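Welcome! Take a moment to look over the sequence and turn the structure around before reading on. The report below walks through it step by step.

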Amino acid sequence: MIEFRNVVVVYPNGFKALKGINLHISEGEFVAIIGPSGAGKSTLIRTINGLVRITEGDLIVEGKHVQKLKDNELRLLRRKIGMIFQSFNLVKRMSVLRNVLVGRLGYVSTLKSLFNLFPKEDIEFALSNLEKVGIREKAYVRADQLSGGQQQRVAIARALTQQPDIMLADEPVASLDPPTAKVVMDYLKKFNEELKITTLVNLHDVELARAYARRIIGIRAGEIVFDGKPEELTRDVLIRIYGKWQES
Amino acid sequence: MARVLTTKTKVKIIAISSLLTILLIISGILIEFNPIAFIKGIPRGIEFFASFLKPDITYFKPILTKLIETLQIALVGTTIAAIISVIYSFFASHVTAPSRAIYFIARTIMNVLRTIPDIVLAAVFVAIFGIGALPGVLALIFFSFGIMTKLMSEDIDAVDRGPLEAVKSVGATRTQVIAFAVIPQVVPNFISYILYTFEVNVRVSIVLGLVGAGGIGQILIENIRLFQYDKVSMIILVTFIAVIIIDGFSEYIRKKIL
């Protein structure tokens with residue numbers, strides 16, 4: 001369902017972020033991507049929803065060649081791909097509910113959304129997703145009143161409201177303390193299993209990757225240097241990913 | 001002890017400061033700035049100010065009519081300019097402009113308009129439309145468009161890009177991204193800029209009256225020309241109080257919003 005064929009990404013400043021990635025991810029997988037900062041983890045997952053356009057190669061997501069999609073087609077693809085971020089990226093001055101309703105923007109007409117005319121089912125669906133992440137009572141609170149962990153749960157609810165087939169998470173727990181991080185990771189795992197959402201998570205914490213993923217991909221300097229099960233992730237492999245100074 | 005400045009820096013400082021001093025002296029001579037003339041003028045100045053000490057209170061009513069006209073000019077000018085500027089600023093920000101070409105054109109127009117002084121705008125519109133409130137309103141629209149688009153477009157440039165990326169990632173259209181991720185971030189500042197511009201416009205519209213663009217400035221210049229300083233002082237007094245009240249009020253609202 002996600003297929004990278006010799007994907008290369010070169011940024012306008014000449015930096016080669018991905019150097020020929022070949023990767024196949026099947027439906028329902030839970031994949032952790034690990035690697036040192038600057039290795040291309042963020043770039044890799046951003047190519048999947050076209051936030052970063054690939055320079056060379058072929059990238060197929062849900063049967064579509066992402067690099068060939070026009071703006072309109074790309075939007076249709078994006079609404080089936082949820083994404084959460086390290087800094088949560090909620091609109092701080094808006095209510096939690098309105099933030100979650102952002103997940104419906106791909107489905108309602110621009111004009112209606114401008115006047116906040118979301119269908120009743122959409123609002124109920126948004127509330128039910130807040131319920132799923134355990135913060136329905138915060139629906140009418142301004143987003144910036146919530147703690148970091150709660151904000152990330154709102155972000156997950158926003159993604160769920162898209163009814164996604166794929167969930168991309170870019171360092172989702174890097175700015176959270178360990179217990180809160182666990183809560184967030186547990187939700188991602190839960191929705192992966194219950195709702196069959198294919199999930200790709202960038203993590204810099206190897207132990208967290210081991211604990212949650214059934215498949216781990218290690219990248220270094222824009223290349224995949226490891227792709228296997230958590231138990232195959234030996235010390236030697238970690239040295240290959242992170243270089244010899246990284247102890248884990 | 002370590003030397004704080006190198007010899008080279010010292011020479012530079014001396015060279016630059018002597019150059020500036022010479023420029024200052026030459027400029028003074030060229031514009032015939034004469035300290036003696038200034039001192040000689042002091043008694044006449046005292047006389048002038050003395051006549052200000054007895055403002056003509058009976059003149060209050062005509063002043064009030066003209067003051068209201070000034071406020072109306074400022075209000076209409078600011079409102080129209082605000083509507084245009086809010087929309088325009090999205091084209092003049094690199095975050096929201098539909099294309100680089102449009103961004104470049106929008107910024108060029110904005111920067112050219114900003115170079116024209118308000119009083120020149122007023123004089124030109126008075127020449128075209130004749131004396132009255134209309135040229136005043138037009139001049140204010142152009143003038144405040146320059147201020148507001150500059151402030152607003154730079155505010156849009158500085159929005160947090162995270163929420164933009166998030167809203168884009170759900171498959172939102174460009175308009176939806178602006179409505180859901182950009183506008184909520186800039187609204188408080190936009191309101192503040194509009195109120196600030198209104199404050200400035202009240203003062204500017206007084207000055208614009210001097211070249212015939214309606215309002216209290218018009219009767220101010222008429223009375224100065226007729227040497228009716230008691231009336232002039234009453235005008236200044238009333239204006240002074242009005243400006244203080246408006247600034248205070250606007251400040252109060254701005255604080256409430258932010």
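Does E131(A) count as buried, partly exposed or exposed? Its relative accessibility is 47%, so E131(A) counts as partly exposed. Keep in mind as you read that this is a predicted model.

**Salt bridges**

E131(A) has a charged partner: R136(A) forms a salt bridge with it, and the closest N and O atoms are 3.6 Å apart. R136(A) is partly exposed too, because its relative accessible area is 39%. In general, side chains of opposite charge can pair when their charged atoms come close. Over all chains, the structure holds 22 salt bridges. Here are some of them:

| Salt bridge | Closest N to O distance |
|---|---|
| R136(A) and E131(A) | 3.6 Å |
| K150(B) and E154(B) | 3.2 Å |
| D160(B) and K92(A) | 3.6 Å |

D122(A) sits in helix α5 (residues 120-132) of chain A, while R104(A) is in the loop between α3 (96-101) and α4 (110-114) of chain A, so the pair ties together parts that are 18 residues apart in sequence. Both D122(A) and R104(A) are buried.

In chain B, K150(B) and E154(B) are four residues apart in helix α6 (residues 133-157), so about one helical turn separates them. An α-helix has 3.6 residues a turn, so residues three or four places apart point the same way. K150(B) is partly exposed, with a relative accessible area of 24%, and E154(B) is partly exposed as well, at 37%. Elsewhere in chain B, a network of salt bridges links E199(B), E251(B), R254(B) and K255(B).

**Where the two chains meet**

How many residues of chain B are in contact with chain A? There are 19 of them, and they touch 28 residues of chain A. Between them, the two chains bury about 2,000 Å², with 63% of it on carbon and sulfur atoms. Of the area that chain B buries against chain A, S169(B), V170(B) and F180(B) supply 33%, more than any other three residues.

Charged and polar atoms take part here too. Two salt bridges are counted between chain B and chain A, and one pair in a salt bridge is D160(B) with K92(A). Six residue pairs are in polar contact between the chains. On the side of chain B that touches chain A, α7 (161-169) and α8 (174-209) each supply at least two residues. By class, that side has ten nonpolar, six polar and three charged residues.

Which residues of helix α2 (residues 71-78) of chain A are buried? They are L74(A), L77(A) and R78(A). These residues cover an arc of only 95° around the axis, which puts them on the same side of α2(A). The buried residues of α2(A) pack against α1 (41-48), β4 (56-61) and β6 (81-85) of chain A, together with α7 of chain B.

Finally, find T199(A) in strand β8 (residues 198-202) of chain A. T199(A) counts as buried because its relative accessibility is 1%. A polar atom of the T199(A) side chain lies 2.9 Å from the backbone oxygen of I197(A). Leaving aside neighbours within four places in sequence, T199(A) is in contact with residues including E29(A), F30(A), V31(A) and M167(A).

Conventions
Residues numbered from 1 in each chain as written. Chains lettered and ligands numbered in written order. Predicted model: local features only at pLDDT ≥ 70, side-chain atom pairs only at ≥ 80, totals over all residues. Heavy atoms only, no water. Contact = heavy atoms within 4.5 Å. Buried area = accessible area lost by both parts, 1.4 Å probe. Salt bridge = Lys/Arg side-chain N within 4 Å of Asp/Glu carboxyl O. Polar contact = N/O pair within 3.5 Å; in protein donor to acceptor, adjacent residues only side chain to side chain. Nonpolar A, V, L, I, M, F, W, Y, C, P; charged D, E, K, R; others polar. Buried < 20%, exposed > 50% of the residue type's maximum accessible area, 1.4 Å probe, protein only. Arc of directions from axis to C-beta.
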